[in-house]
Amino acid sequence: PSYGYSVLAQILAGTRHNVVVTTNFDNLVIDALSIYTNATPLICGHESLAGFIRTKPSRPQVVKVHRDLFYAPKNTTDELGALPSQFAEALRTLFASHVPIVIGYGGNDGSLMRVFEEMAPGTLSQGIYWCYRTADPLPRQQILDMVAAHNGWLVPIKGFDELMTDLQGALELETLYH
């Protein structure tokens with residue numbers, strides 16, 4: 001895991017901000033938690049585990065939208081078109097109780113984007129923060145519309161590691177990366 005993951009692991013293990021929803025099927029978040037903290041995460045790496053997704057988990061929770069590397073990851077256009085209804089509902093409930101901060105996601109699949117788009121305006125009571133790299137163009141119109149519908153914000157960042165470095169300073173976290 002890169003430097004940013006060491007900071008993310010500290011945030012997940014040491015604050016009430018302990019949920020990650022990812023479309024990545026790699027184990028970088030989980031590896032960082034293992035390397036940099038003593039926290040054992042709850043990993044929901046398959047839609048059949050949707051019933052275990054908690055809005056107030058007592059330990060870090062990693063929800064893998066496209067499954068886990070070891071559990072038949074989804075990566076074709078057909079596979080990424082939509083989520084099973086129970087999984088999508090668990091994500092909507094999770095997003096309604098947390099402030100989504102989107103980092104490194106281009107919204108190019110139908111599954112997770114559909115979850116956001118099908119949520120009624122105002123459901124995300126504190127909005128959504130959609131980060132995009134300053135080196136890239138603004139996100140496409142579909143994302144701009146969804147962020148506006150949820151009274152959210154576009155947040156220009158240099159990159160994931162740079163954002164995590166800023167958060168490390170703001171939260172006064174240790175430098176654990178080696």
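Strand 1 (residues 19-22) and strand 3 (residues 61-64) run parallel, joined by four bridges. The model is predicted.

Stay with strand 1. In a regular strand the side chains alternate between the two faces of the sheet. Strand 1 has one covered face and one uncovered face. V20 and T22 make up the covered face. V19 and V21 make up the uncovered one.

Now the helices. Two packed helices are described by the angle between their axes and the distance between the axes. Helix 1 (residues 3-14) packs on helix 2 (residues 28-36) at about 75°, and their axes lie 8 Å apart. Angles of 65 to 115 degrees count as roughly perpendicular, so helix 1 is roughly perpendicular to helix 2. Helix 1 contributes Y5, S6, L8, A9, L12 and A13 to the contact. Helix 2 contributes L28, V29, A32, L33 and Y36. By class, the contact residues are 10 nonpolar, one polar and no charged.

The second pair is helix 3 (residues 85-97) with helix 4 (residues 110-117). Here the angle is about 50° and the axes are 10 Å apart. The two helices are therefore oblique to each other. Their crossing is right-handed. From helix 3, A88, L91, R92 and F95 meet L112, V115 and F116 of helix 4. These contact residues divide into six nonpolar, no polar and one charged.

Note on methods:
Residues are numbered from 1 along each chain as its sequence is written. This is a predicted model: local features need pLDDT of at least 70, side-chain atom pairs count only at pLDDT 80 or more; totals for chains, interfaces and linings use all residues. Side-chain values use heavy atoms; hydrogens and water are left out. Axes are lines fitted to C-alpha atoms, for helices over the stretch in contact, and angles run from 0 to 180 degrees between N-to-C directions. Angles under 35 degrees count as roughly parallel, over 145 as roughly antiparallel, 65 to 115 as roughly perpendicular and the rest as oblique. Contact means heavy atoms within 4.5 Å. Ala, Val, Leu, Ile, Met, Phe, Trp, Tyr, Cys and Pro count as nonpolar, Asp, Glu, Lys and Arg as charged, and the others, Gly among them, as polar. A crossing is left-handed if the near helix is turned anticlockwise from the far one by less than a right angle, and right-handed if clockwise. Buried means under 20% relative accessible area, exposed over 50%, partly exposed in between (1.4 Å probe, protein chains only). Two strands pair if DSSP finds at least two bridges between them.
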